[in-house]
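Grab a pencil and have a look at the model below. Then try the exercises before you read the solutions.

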Amino acid sequence: MCTAKEIATDMGIDPVFPEKRKIRRKKYFDENTCEPSQSVPESAKEKFRIDYFLYLVDQAIGSLRRRFQQYQEYENIFGFLFTSEKLNSLDDCDLKNSCSHLESILKNDKFFDVDGEDLFVELKVLRELLPKENTTAIAILNFLKRLNCFPDAFIAYRILLTIPVTVASAERSFSKLKLLKSYLRSTMSQERLNGLALISIESELLEKLDYEHLIDDFSSKNSRRSIFRH
């Protein structure tokens with residue numbers, strides 16, 4: 001409100017809230033004068049504070065709380081894999097519990113992405129092979145690629161680094177849908193919609209691609225050749 005007043009003053013506008021005409025309802029003889037309908041009407045400033053300012057603050061606090069709850073759940077599942085320092089700080093009991101918890105989270109019916117026991121054994125050995133300085137998750141994944149002998153740990157770090165945990169990407173995807181699925185283009189296959197959405201979202205990466213090479217590669221794989229026999 002203070003910023004708006006400064007802008008209004010710079011533009012030569014009187015920085016006051018416009019007062020609307022107060023509508024007074026007719027009071028009947030059997031009504032109680034202490035009823036809420038007969039209370040003193042709010043001022044324009046107080047109405048702005050309640051209907052706009054407090055509402056926006058409440059929405060911002062609620063959104064931040066929900067986002068940090070999501071981050072906290074993500075940290076509870078994958079936190080022991082974030083850095084080599086975090087991995088080395090756990091004793092065998094806590095590390096085993098973390099691996100078992102990760103196995104249960106990534107389990108679907110009888111199928112699972114990682115085996116908790118095997119992951120525990122691999123991480124115990126991996127802690128001895130990692131460099132002494134603190135290493136990030138992406139550096140650990142690259143280290144596992146070079147070793148090529150820790151399958152469960154490799155899968156766990158791949159899931160850690162590819163799982164979408166931010167809500168910004170989801171919001172960005174929904175904002176792009178309004179541009180892609182207009183009333184002129186309302187019918188398309190799911191595969192085409194996914195492709196268009198990916199191209200629109202990752203436009204910066206798309207600008208760096210060599211289109212000529214992609215077109216030549218596509219045409220060479222899909223060219224139709226007829227064999228003529230004399």
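This is a predicted model: local features need pLDDT of at least 70, side-chain atom pairs count only at pLDDT 80 or more; totals for chains, interfaces and linings use all residues.

Numbering starts from 1 along each chain as its sequence is written, and side-chain values use heavy atoms, with hydrogens and water left out.

**Exercise 1.** Find the residues that touch the most other members of the largest nonpolar core.

Solution. Start with the term: a nonpolar core is a set of buried Ala, Val, Leu, Ile, Met, Phe, Trp, Tyr and Cys residues joined through side-chain atoms within 4.5 Å. This core has 28 residues, and F80, L81, L102, L123 and Y157 are the ones to pick.

**Exercise 2.** Work out how the rings of F48 and Y52 are arranged.

Solution. Rings of Phe, Tyr and Trp (its six-membered ring) pair if their centres lie within 6.5 Å; planes under 30 degrees apart are stacked, over 60 edge-to-face, the rest tilted. Here the centres are 5.8 Å apart and the planes at 25°, so the pair is stacked. Both residues sit in helix α2, four residues apart.

**Exercise 3.** Is F48 buried, partly exposed or exposed?

Solution. Buried means under 20% relative accessible area, exposed over 50%, partly exposed in between (1.4 Å probe, protein chains only). F48 has 29%, so F48 is partly exposed.

Conventions. Helices (H or I, at least four residues) and strands (E, at least two) are DSSP runs, numbered from the N terminus.
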